[in-house]
Amino acid sequence: MAGKTEIAAVCGIPTDRDAALADRAGRTLDGLIGGPKPVSARFGAETVDIPTPAMRLLREILDQMAHGRGVVLTPLHAELTTRQAAELLQVSRTHLVQLLDEGRISYRRVGSHRRVRVEDIIAYRRKTESRRREALDELTAHDQELGLQ
């Protein structure tokens, strides 16, 4: 059995039935996920308290399934190949390698191969999205100044 830090849960493309069940379950969870208190869930005769962050993750998984998408769960400290990292960023492998060589994303070498941590990819994506939002806000403000909006 894998250790607790070795997470590699894969949920393939859900069937239409599974998507409908996930949609219904997700809407039910919306009313339960609120504050910092755990949510009590009953599984057969057992009642389990589930922490709010785990419930939010479950809600996201159900939402993805409800929209017909598969889900892969990977710990933040996991290392990816350049191909996997490029897929996560939705860029070409060539572009990702360029980002690595420019020092914009950290990596380490294992022999001649590069390995990139998931948390570094997510940090880069958040930084990039933040810059995009700032640029869009500036453009919107400029349009308003010119009376274009």
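Arg 59 is buried, with a relative accessible area of 17%. Buried means under 20% relative accessible area, exposed over 50%, and partly exposed in between, for a 1.4 Å probe and protein chains only. The model is predicted: local features need pLDDT of at least 70, side-chain atom pairs count only at pLDDT 80 or more, and totals for chains, interfaces and linings use all residues. Residues are numbered from 1 along each chain as its sequence is written, and side-chain values use heavy atoms, with hydrogens and water left out.

Stay with Arg 59 for a moment. Its place is helix α2, residues 52-66. Helices (H or I, at least four residues) and strands (E, at least two) are DSSP runs, numbered from the N terminus. What does the side chain of Arg 59 reach at 3.0 Å? The answer is the backbone oxygen of Gly 26. Setting aside neighbours within four places in sequence, Arg 59 is in contact with Gly 26, Arg 27, Leu 29, Asp 30 and Ile 33. Contact means heavy atoms within 4.5 Å.

Strand β2 (residues 39-43) and strand β3 (residues 46-50) run antiparallel, joined by five bridges. Two strands pair if DSSP finds at least two bridges between them. Arg 42 stands opposite Thr 47 in β3. Two residues lie between the strands of this hairpin, and Gly 44 takes a positive phi near 65 degrees.

Strands of a sheet pair through backbone hydrogen bonds, either parallel or antiparallel. Here the sheet is open, its order is β5-β7-β6, and the pairing is antiparallel. β5 and β6 (108-110) stand at the edges with a single partner strand each, so one side of each is left without a neighbour in the sheet. Helix α5 packs on the sheet, touching β5 and β7, and its direction makes about 65 degrees with that of β7. Axes are lines fitted to C-alpha atoms, for helices over the stretch in contact, and angles run from 0 to 180 degrees between N-to-C directions.

The pairings can be read residue by residue. Two bridges join β5 to β7. Leu 80 has Val 116 as its bridge partner in β7. Three bridges join β6 to β7. Arg 108 is partnered by Arg 115, and Arg 109 stands opposite Arg 114. The hairpin of β6 and β7 has two residues between the strands, and Gly 111 takes a positive phi near 70 degrees.

Which side chains of β7 point to one face and are buried? They are Arg 114 and Val 116.

Follow the chain into α5. This helix covers residues 118-145 and has 28 residues. From first C-alpha to last it reaches 41 Å, close to the 40 Å expected at 1.5 Å a residue. The expected span is 1.5 Å times one less than the number of residues. Its buried residues are Val 118, Asp 120, Ile 121, Ile 122, Tyr 124 and Thr 128. These pack against β5 (79-80), α3 (82-89), α4 (93-101) and β7 (113-117). Leu 136, also found in α5, counts as exposed at 52% relative accessibility. The C-alpha atoms of Leu 136 and His 95 are separated by 23 Å, and the two residues are 41 apart along the chain. Just after α5, Gly 147 takes a positive phi of about 75 degrees.

Two packed helices are described by the angle between their axes and the distance between the axes. For α3 and α5 the angle is about 30 degrees and the axes are 10 Å apart. Their crossing is right-handed. A crossing is left-handed if the near helix is turned anticlockwise from the far one by less than a right angle, and right-handed if clockwise. Ala 85, Leu 88 and Leu 89 in α3 meet Val 118, Ile 121, Tyr 124 and Arg 125 in α5.

Helix α4 holds Val 97. Is Val 97 buried or exposed? At 12% relative accessibility, Val 97 counts as buried. Leaving out residues up to four places away in sequence, Val 97 touches Thr 82 and Arg 114. Ala 19 is 78 residues from Val 97 along the chain, and their C-alpha atoms are separated by 36 Å.

Notes. A polar contact is a pair of N or O atoms within 3.5 Å; within protein, one must be able to donate a hydrogen and the other to accept it, and residues adjacent in sequence count only if both atoms are side-chain atoms.
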